[in-house]
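Please read it beside the sequence and the structure.

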Amino acid sequence: MGNTSTITMTFDGCGASVESLTWAQMVMWRAVERFGGAAERFNMPRWRLLPRPVPTARAVKALRFLIENRQTLRTHFVAGTDGPRQHVVGTGTHEIAVIEVHRYRARQTALRTADEMAARRLDLVRDWPVRFCLLVERHLVVGVVLVASHVALDGWATDRLLADVLDSMGGRRRPRPERYTPLAHVRTERAGVGRGTLQHLERCLRAAVPSIFASCTGSQAVPRFHVHTLRSAGIVPAARTIADRCRTTTAAVLLAAASAVLATACGERQVPVNIIASNRFTVRYRSLAAALAQDALAVVPVGDTNFDDTVRLAYRSATVACCHSRYPPAELDRLRDRVEAQSGQACRITAYFNDARTMHPDGRPVEPAPRRCRRTDARGVLLRLDGLHDNDMQFYVRITSAGTAYDVLLVTDSHLFSAVRSEQLLRGIEALLLAGATSPLPVTGIAALTAA
């Protein structure tokens, strides 16, 4: 790494105000508070090399414009007696890190810098929720690195912010001033949540009693949570083939595979699952530079005939769930307390599904080109990663794009599944997709594919 310095950038003349958090921000605030010293796991790093170097002065000017026109970038999040509040500041300074690099090493420096910045916890009372770093060669900016707190932004908003930074620096277009702000969204949410959403949430909570994991018998390991990842090129065309045949989406296919494998492992016919939903379903919400993602509660049935039936049921369940995925976290707590009091049992939905395939800020998916991934018979590469000591997800599947392949991350609780069993479940998801691409697979055949 080259020499490191700091540019102090002043902003002023902006509006200042104090408001409560959005519902999605409150969800992530709770998570960060729960994990305490391990909360850096909620930092979201991004980096990009510029197609053409730009003068440092232009890059700093572009960042100043964005900071003055994006409330989130000049906001502190402060705990209070009546709950956390977001304090939007009108005047202040941002410290922009600058690293001298040689262009041929810019990529490695960007990767390393992103990891280092993401490893440091953000103190949201004193720090801004987004850190910036410029990679500079001879007074020309060749790359940008930023790290955002998940309390302030979600993945969509962070990707959008990076796109705005690049567009502004490159002079291709100047991002518009913010028309729909986080504070305006807080005021929108004061209208509350509809009766239909409350009824949907309660139905899902009641479906989680008793827990689907009641029959699972793992042995506790150290660290407690296993983490595995599978990079598979074969499941890319497989998911498309099944989606085309069922007239659904690849997201529904991947959700169905994860749910069917989990249900089979637990000897159940349906799976209550939290689907992490971006909630960017209107133009106004897609423009919002704030966290909007929340858990969409769904109950995914396995079905009685074949895996295609499971896919269609998953698509319907996920669609309904996402329509009811905006709600106050406190309201869900009250519903859970009532269900637990009536049933006499704990009510927890600890299975999660996250379709985190990279998205353009305009909503277009970044997917491998179909002509480059036609094989549906090759097994992927499975790796075991460092485990986690603490986690609030007992079964978590995340899908991301990786060139011509998909990366499938699986986190499991060792109280439920051993490391070997977790690998079988991950391989089972892949095997189910590959087999289902050939012809509709009978539900009765899922167990053999997943070693259940």
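Contact here means heavy atoms within 4.5 Å, and helices (H or I, at least four residues) and strands (E, at least two) are DSSP runs, numbered from the N terminus. The model is predicted, so that local features need pLDDT of at least 70 and side-chain atom pairs count only at pLDDT 80 or more, while totals for chains, interfaces and linings use all residues. Residues are numbered from 1 along each chain as its sequence is written, and side-chain values use heavy atoms, with hydrogens and water left out.

On one side of the helix pair, Ile235, Ala238, Thr241, Ile242 and Arg245 of H7 meet Glu430, Leu433, Leu434, Gly436 and Ala437 of H12. The residues of this contact divide into 6 nonpolar (Ala, Val, Leu, Ile, Met, Phe, Trp, Tyr, Cys and Pro), 2 charged (Asp, Glu, Lys and Arg) and 2 polar (the others, Gly among them).

Angles run from 0 to 180 degrees between N-to-C directions, and axes are lines fitted to C-alpha atoms, for helices over the stretch in contact.

| Pair | Angle |
|---|---|
| H7 and H12 | about 55° |
| H5 and S2 | about 40° |

The axes of H7 (residues 235-246) and H12 (residues 419-438) are 8 Å apart.

Elsewhere, 3 strands form an open antiparallel sheet in the order S2-S5-S4, where two strands pair if DSSP finds at least two bridges between them. S4 and S5 (residues 85-88) are joined by 4 bridges, and Val78 has Arg85 in S5 as its bridge partner. Helix H5 (residues 182-189) lies across S2 and S5.
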